[in-house]
Amino acid sequence: MSYEHDRRNTYGENQKSSRKNIPHSKQISHQDERRSVRQALIPAQGAVVDEVADEAQSQALRKGWMKKLEAFRKSPDRPLGEVIERRLRRRTSKKE
C-alpha cells in the first residue's frame, strides 16, 4: 500500500535543484502573467473614453487567462512501486 501512495521525483534533476527550481519557475510564470495584464491596461490610464477602458479591461482579462493556461505546471511524481520496478529491471538488464 505504501508503494502506491509514496511518490518519488523521477524528473532527472538533483533533489535540491528541483526543490529550488519548481518554486522559481512558478514565480516566473506568475510574474509574466502580471506583466502581460499590466501592459494591456496601459492604454486605459488617466482620463479615457469608456470604450477604450472596456476594451483594455477585456484585453487584460483575455491576456491574463491565456498566460494562466501557459503557466508552469509541475509534472506529477511517480509512485514508489513504479520507481522500484524500473530500478530492478535496469539492474537485471545490466547484469546480463
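Gln59 counts as partly exposed, at 28% relative accessibility (partly exposed lies between buried, under 20% relative accessible area, and exposed, over 50%, with a 1.4 Å probe and protein chains only). Gln59 sits in helix α3 (helices are DSSP runs of H or I with at least four residues, numbered from the N terminus). The model is predicted: local features need pLDDT of at least 70, side-chain atom pairs count only at pLDDT 80 or more, and totals for chains, interfaces and linings use all residues. Residues are numbered from 1 along each chain as its sequence is written, and side-chain values use heavy atoms, without hydrogens and water.

**Helix α2 and helix α3**

- Helix α2 covers residues 15–40, and helix α3 covers residues 50–69.
- Gln59 and Ser36 are 23 residues apart in sequence, yet their C-alpha atoms are 9.8 Å apart in space.
- Arg35 and Lys67 are 32 residues apart along the chain, with 9.9 Å between their C-alpha atoms.

**Salt bridges**

- The whole structure holds five salt bridges (a side-chain nitrogen of Lys or Arg within 4 Å of a carboxyl oxygen of Asp or Glu).
- One of them pairs Lys67 with Asp32, with 3.1 Å between the closest N and O atoms. This pair links distant parts of the chain, 35 residues apart: Lys67 is in helix α3 and Asp32 in helix α2.
- Lys67 is partly exposed because its relative accessibility is 24%. Asp32 is partly exposed too, at 26%.
- Glu33 bridges to Lys68, the closest N and O atoms lying 3.8 Å apart.
- Glu33 has 16% relative accessibility, so Glu33 counts as buried.
- Asp77 is partly exposed at 24% relative accessible area, and Lys74 is partly exposed at 40%.
- Asp32, Arg35 and Lys67 are joined in a network of salt bridges. Arg35 belongs to helix α2 and is partly exposed, with a relative accessible area of 37%.

**Largest pocket**

- The largest pocket holds about 260 Å³ of space. A pocket is an open set of points on a 1 Å grid over the protein atoms alone, where a 1.4 Å probe fits, with protein on both sides within 12 Å along at least five of seven lines. The volume is the space filled by probe spheres set on the points, which are joined across faces, edges and corners.
- The lining has 15 residues (each with an atom within 4 Å of a point). Nearest the centre are Asn9, Tyr11, Ile22, Lys74 and Ser75.
- Helix α2 supplies the largest share of the lining, four residues.
- By class, the lining counts four nonpolar, six polar and five charged residues (nonpolar: Ala, Val, Leu, Ile, Met, Phe, Trp, Tyr, Cys and Pro; charged: Asp, Glu, Lys and Arg; polar: the others, Gly among them).

**Nonpolar surface patch**

- Val48, Val49 and Val52 make up a nonpolar patch with about 200 Å² of accessible area together. Patch residues have over 30% relative accessible area and no salt bridge, and nonpolar side chains (Val, Leu, Ile, Met, Phe, Trp, Tyr) are joined within 5 Å. Areas come from the Shrake-Rupley method with a 1.4 Å probe.
- Val52 lies in helix α3. Val52 is partly exposed because its relative accessibility is 37%.

Terms used
Helix = DSSP H or I, 4+ residues; strand = E, 2+ residues; numbered from the N terminus. Patch = residues over 30% accessible without salt bridge, like charges linked within 9 Å, V, L, I, M, F, W, Y side chains within 5 Å.
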